[in-house]
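Look at the sequence and the model first, then read on.

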Amino acid sequence: MQIPHFTEANHPLVKSLFHQSDQELLTQFQQNPDAGKFFTAVFCRYTPIVYTLIRHSARSPVQADYLFALTWRHIYHELRGLDLNSGQSAREGLTLQNWLINMTAFCINEIQLPPTEAIHYSLKTTSPPLWCYVEQALDRLPPMLRLIVVMAQTFHWSETRIAAYLQAEGEAIAPIEVANFLQEGYRMLEEKLPTDIRAIYLGENFLQPEVA
């Protein structure tokens, strides 16, 4: 099982951060919640270690890829509150690499994976950083738009079936309105992605602002 290659590592926004230390990347990530390149740089730097640990514990390549993505999603949320300079961390000599190894071991031991045939995640289609930021953007959508987008994308429901479900819940929405809601939901979802994430993963031009 080979370690996957992620093309975002070659993007200028990510390559420009390769010289930064782990602590600098962590600080920038925590101080700039609307920027995605810092987390993406951490991801690219430590993917070989995390994937190597995971691939030996999963029963199949599909499960390994899914666990890898779930692990980085967990890391993404936990990284916000990580302080390597706190008293205990400093005394233990904790580094970002050691912390990531600990987080990976935790996920390997704690996450219950579904059977291979029930996993529909594709590492080639959705890189873990993009998944994290799409989820973040999804959380910022109005509830109705979020529900319709999730039913369409996660459950692959047709506009007619979504309308029927909503009507059963007391919402008088026709299939044509569902289609309009979906288009608006996709537009807002993309709009709420960090601009640098859109540049890295969606190919948009990006003028890099100065970051203090």
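Arg140 and Asp34 form a salt bridge, with their closest N and O atoms 4.0 Å apart. A salt bridge here is a side-chain nitrogen of Lys or Arg within 4 Å of a carboxyl oxygen of Asp or Glu. Arg140 sits in the loop between helix H7 (128-139) and helix H8 (143-153), and Asp34 in the loop between helix H2 (22-31) and helix H3 (37-55), so the pair ties together parts that are 106 residues apart in sequence. Helices are DSSP runs (H or I, at least four residues), numbered from the N terminus.

Arg140 is partly exposed, at 41% relative accessibility. Asp34 is exposed, with a relative accessible area of 57%. The cut-offs are under 20% relative accessible area for buried, over 50% for exposed, and in between for partly exposed (1.4 Å probe, protein chains only).

## Basis of the model

The model is predicted: local features need pLDDT of at least 70, side-chain atom pairs count only at pLDDT 80 or more, and totals for chains, interfaces and linings use all residues. Residues are numbered from 1 along each chain as its sequence is written, and side-chain values use heavy atoms, with hydrogens and water left out.

The structure holds five salt bridges. Among them is the pair Glu184 and Arg187, whose closest N and O atoms are 2.8 Å apart. Both residues lie in helix H10 (residues 175-191), three residues apart, about one turn of the helix.

Arg187 also pairs with Glu191; here the closest N and O atoms are 2.9 Å apart. Glu191 and Arg187 are four residues apart in helix H10, again about one helical turn. Glu184 is partly exposed at 31% relative accessibility. Arg187 is partly exposed at 43%. Glu191 is partly exposed, with a relative accessible area of 48%.

## Cysteines without partners

How many disulfides does a search of the whole structure find? The search finds zero. A disulfide is a covalent bond between the sulfur atoms of two cysteines. The test used here is a pair of cysteine sulfur atoms within 2.5 Å.

For Cys44, the closest cysteine sulfur is in Cys132, 13 Å away and too far for a bond. Cys44 is buried, at 17% relative accessibility. For Cys132, the closest cysteine sulfur is in Cys107, 11 Å away, also too far for a bond. Cys132 is buried, at 3% relative accessibility.

How values were computed. Helices (H or I, at least four residues) and strands (E, at least two) are DSSP runs, numbered from the N terminus.
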